[in-house]
Every structure is written in structure tokens, then in C-alpha cells.
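This report walks through selected packing and pairing features of one protein model.

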Amino acid sequence: MRDITVFSGSAHPELAEEICAHLGTPLHPVQLNRFANDVIEVQLQANCRERDVFLIQPLVPPVQEHLVELLLMLDAARGASAARTTVVMPHYAYARSDKKDAPRISIGARLVADLMVAAGANRVLAMTLHSPQVHGFFSVPVDHLHALRELARHFRRYDLSNTVVVSPDLGNAKEAAHFARLLGTGVAMGAKQRFSDDRVVISSVIGEVTGRDVIVLDDEIAKGSTVIELLNRLREQRVRSVRVACTHGLFAGEAIERLSELPEVEEIVCTNTVPPPKPSDKLTVLSIAPALAEAMRRIHDGESVSALFSTS
């Protein structure tokens with residue numbers, strides 16, 4: 001079996017360190033230089049020859065900087081004769097650009113996938129892609145994890161006898177239904193229309209939510225516009241309590257403050273796929289490092305990654 005070698009970009013080194021602690025392997029350093037003309041140079045500071053190399057880098061702000069850094073790391077690993085290079089991408093920011101829904105726009109999710117493969121990626125390990133079709137944009141194998149087990153483990157601590165899981169839209173309905181099965185609860189969803197990045201309208205909630213404890217589940221929360229619009233509809237339905245859960249807690253701008261200020265929101269739960277936002281009394285951050293570490297170990301040992309979810 002080839003040796004495993006793990007590097008991290010500068011996007012989220014704390015997560016990379018935690019993953020390596022679970023793997024029991026060192027996190028090797030990466031030297032990042034910037035020349036006077038603003039060009040980035042990357043040097044991997046450990047031997048890669050005939051190694052199984054893993055590069056950990058979520059695409060988080062500044063997204064373009066971290067993407068170029070990842071591409072250069074891939075090129076460096078290929079030039080150093082790595083046997084196989086796997087991109088560990090806890091958050092794929094371009095996954096939201098997955099369709100041509102207006103004239104003359106690019107499909108960024110496919111383009112960036114092509115760039116990674118062209119730079120030397122042999123495999124991708126991703127967490128909770130925005131939509132299923134993004135998986136097919138890669139011409140190399142993709143292991144697609146989700147954080148529903150970690151989220152379900154957290155919420156099982158509560159009395160769920162009067163609880164319903166609510167998806168903000170139909171696009172996330174399948175994940176919400178899966179999450180509801182893990183918790184043994186009912187499921188409902190919002191009827192959403194998006195008009196711009198920060199303007200959405202949810203006309204109604206499909207399902208029985210009146211007088212219920214609600215867990216709102218989404219794949220990511222950026223500005224929080226969708227969740228706040230959904231909460232307005234849930235308030236009209238006189239729900240008893242609300243907890244908000246997501247995998248990718250981006251919380252751009254003042255999103256975490258806006259959500260925390262709403263009296264009906266008892267808790268906001270996310271994972272550490274991206275660097276956590278500033279602390280809030282209502283915010284709980286769960287670690288997905290053990291899941292990513294186990295998936296990396298299985299990839300390295302040639303074991304099934306899908307078996308991680310066989311009992312979910």
C-alpha cells in the first residue's frame with residue numbers, strides 16, 4: 001500500500017489539522033508565495049513521489065484565491081510524481097452555478113470541475129453538493145458525503161415527538177425527507193421562487209406545521225434570505241418552536257445576527273465544512289472531520305465509501 005500524504009491549502013487549516021488527527025497522520029506544510037506582480041506560487045513541503053496525496057481545500061471566500069491555490073497545489077503534486085491525487089473539498093462554492101437558467105451565463109460548476117481535472121485531480125471527495133447533477137460534472141470519480149448523520153445525532157438529544165422537518169424548497173426535499181426518516185419525524189416544504197441572489201418568495205408551506213416544533217433543514221445558509229422568508233410563513237402557521245440546521249454555515253454579512261435575533265429561533269446548527277462565523281449564543285457547530293477522515297482512509301485502503309451510509 002502506498003504511503004498517504006496530506007496537505008492543506010490556506011482556506012481552512014483548522015479542519016485539515018483535525019482530519020489528520022483522526023487519521024493519525026501528519027499534515028504536511030505548504031509554502032505559499034506571492035510575487036510583486038500578484039502571481040501566486042505554491043510549493044508542497046513533503047515528498048509526493050508514488051504517494052497517495054490528499055489536498056484539503058474548501059472553496060470559501062476569497063473563493064477565486066483559494067481556487068487558484070488549489071489548482072496550483074494539484075499541478076505541484078502531479079509534477080512531483082504523485083501516484084494519485086484526491087481533492088478533499090468540504091464546500092464547493094461553484095456548485096450553485098449548476099444550470100443555464102438565464103441567457104448567456106456560464107455553468108461555473110462544470111467549468112471549475114474541468115479545471116481541477118485538467119490541473120491533475122484523480123479523484124474528488126465532496127460534502128453536500130448543492131444539487132445531484134453537480135456530481136456528474138466531474139470526469140473523475142467523486143465520493144459525495146453528506147452531514148445528515150452528524151446533524152441527526154445532535155437533534156436526537158431533544159424530544160422529537162411533536163417535530164416536523166421543513167425544507168425551504170422542493171430542491172432540498174429529498175434530503176429533508178431522508179433527514180426526517182433518520183429522526184422519525186414528519187416532513188414539510190416551502191413553495192419557493194428565487195428572483196435574485198437575495199430576493200426569494202415562499203408563497204406557502206406544504207405540509208402540517210401548525211403547533212409543531214420545526215427543524216428547518218437547508219444545504220447551506222449564505223445571506224439567510226431564504227430561511228428568514230420561510231420563518232415568516234412558519235410564523236403565520238403558528239409553529240411552536242424553530243431550530244435551523246444546515247451543512248455549510250457561510251453566514252455572509254450579518255446573517256448570523258439576523259437569524260439569532262428572531263425570538264422563535266431557539267438554535268442554529270451547522271458543521272465546520274467552512275470556517276465558523278463569529279460566535280453566537282444560539283449557534284452550534286458540529287465537526288465533520290471524523291466523517292471526512294474515515295472516507296479518506298477508505299479511499300486510501302480501497303474500501304467502500306458508500307458503506308458509510310448503509311445504515312443511515
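## Surroundings of aspartate 52

Leaving aside neighbours within four places in sequence, aspartate 52 is in contact (heavy atoms within 4.5 Å) with Arg2, Asp3, Ile4, Thr5, Arg84 and His300. Its side chain makes a polar contact with the side chain of histidine 300 at 2.8 Å, where a polar contact is a pair of N or O atoms within 3.5 Å, one able to donate a hydrogen and the other to accept it, and residues adjacent in sequence count only if both atoms are side-chain atoms. Aspartate 52 lies in strand β5 and is buried, with a relative accessible area of 4%; buried means under 20%, exposed over 50% and partly exposed in between, with a 1.4 Å probe and protein chains only.

The model is predicted, with local features needing pLDDT of at least 70 and side-chain atom pairs pLDDT 80 or more, while totals for chains, interfaces and linings use all residues. Residues are numbered from 1 along each chain as its sequence is written, and side-chain values use heavy atoms, with hydrogens and water left out.

## The sheet containing β5

Strand β5 belongs to an open sheet of six strands in the order β2-β1-β5-β6-β7-β8, with parallel pairing; strands (E, at least two residues) and helices (H or I, at least four) are DSSP runs numbered from the N terminus, and two strands pair if DSSP finds at least two bridges between them. Five bridges join β5 to β6, and leucine 55 has valine 87 in β6 as its bridge partner.

## Salt bridges

The count comes to 20 salt bridges, each being a side-chain nitrogen of Lys or Arg within 4 Å of a carboxyl oxygen of Asp or Glu. Arginine 243 forms one with glutamate 267, the closest N and O atoms being 3.0 Å apart; arginine 243 lies in strand β13 and glutamate 267 in strand β14, so the pair ties together parts that are 24 residues apart in sequence. Arginine 243 counts as buried at 18% relative accessibility, and glutamate 267 likewise counts as buried at 6%.
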